[in-house]
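Have a look at it before reading on.

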Amino acid sequence: MRLISKSPRETKDAGKRLGRKLRAGDTVCLYGDLGSGKTTFVKGVAGSLGIPEREIASASFTIISEHEAKPPLYHIDLYRIDSEADLETTGVYDYIGGDGIAVIEWAEKMPETEVAVRVAINIFPGDEREIVIEGMEEDP
Ligand SMILES: Nc1ncnc2c1ncn2[C@@H]1O[C@H](COP(=O)(O)OP(=O)(O)OP(=O)(O)O)[C@@H](O)[C@H]1O
Ligand SMILES: [Mg+2]
């Protein structure tokens, strides 16, 4: 599925719509340049689970943030990871396919998880973003 977002609000809404379809054990891999809107999209996913969007922070020193919800949301940001060894020490694999929903920014830093929903965000001129979502079955 491909859509165009014209504002952060529209990107959040796209995240919210995807979030409503996610279940415990699902993984969402986010791809896109610095400032493309990955965290903004995650705020929408969080919103769909009843998590206040202010709880979703941008890349800090926290690689994994756990958010209480039903199911819980694991917000993972691999921006600072630069080796497979690094990745192992984060324990990121413990959060995938478990009791919660894992959303992963900078997912290109880990080997591809075949079962994941993939969200690619491309920066277009101005505030436009192209959002391409793969691996989630479309509504009938
Ligand atoms: N249509 C849009 N969708 C999302 N963000 C937008 C849009 N238009 C402008 N922006 C701006 O782009 C920035 C996106 O920031 P955000 O932190 O979500 O990006 P990110 O991909 O998570 O970056 P990083 O790679 O640093 O983690 C924000 O400043 C936001 O206001
Ligand atoms: Mg981010």
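Predicted model: local features only at pLDDT ≥ 70, side-chain atom pairs only at ≥ 80, totals over all residues.

Residues are numbered from 1 along each chain as its sequence is written, chains are lettered from A and ligands numbered from 1 in the order in which they are written, and side-chain values use heavy atoms, with hydrogens and water left out.

Let's start with the helices. Helices (H or I, at least four residues) and strands (E, at least two) are DSSP runs, numbered from the N terminus. Helix H1 spans residues 8–21, and it packs against H2 at an angle of about 45°, with the axes 6 Å apart. Those axes are lines fitted to C-alpha atoms over the stretch in contact, with angles running from 0 to 180 degrees between N-to-C directions. H1 and H2 are therefore oblique to each other; under 35 degrees would count as roughly parallel, over 145 as roughly antiparallel, 65 to 115 as roughly perpendicular, and the rest is oblique.

Who meets whom here? Contact means heavy atoms within 4.5 Å. On the H1 side you'll find residues including Pro-8, Lys-12 and Leu-18, and on the H2 side residues including Phe-41, Lys-43 and Val-45.

Thr-11 is in helix H1. Setting aside neighbours within four places in sequence, Thr-11 is in contact with Ser-5, Gly-37, Thr-40, Phe-41 and Ile-131.

Next up is the metal. Thr-39 (OG1) and Glu-105 (OE) coordinate the magnesium ion (ligand 2) at 2.1 to 2.2 Å. Donors are N, O and S atoms within 2.8 Å of the metal (3.2 Å for Na, K and Ca), and sites may look incomplete because water is not among the atoms. This pair links distant parts of the chain: Thr-39 belongs to helix H2 (residues 38–48) and Glu-105 to strand S5 (residues 101–105), 66 residues apart.

Finally, Met-136 lies in the segment after strand S7 (129–134). Not counting residues up to four places away in sequence, Met-136 touches Leu-18, Lys-21, Leu-22 and Val-117. Met-136 and Ile-64 are 72 residues apart in sequence and 24 Å apart in space, C-alpha to C-alpha.

Are these residues buried or exposed? Buried means under 20% relative accessible area, exposed over 50%, and partly exposed in between (1.4 Å probe, protein chains only).

| Residue | Relative accessibility | Class |
|---|---|---|
| Thr-11 | 2% | buried |
| Glu-105 | 3% | buried |
| Thr-39 | 11% | buried |
| Met-136 | 16% | buried |
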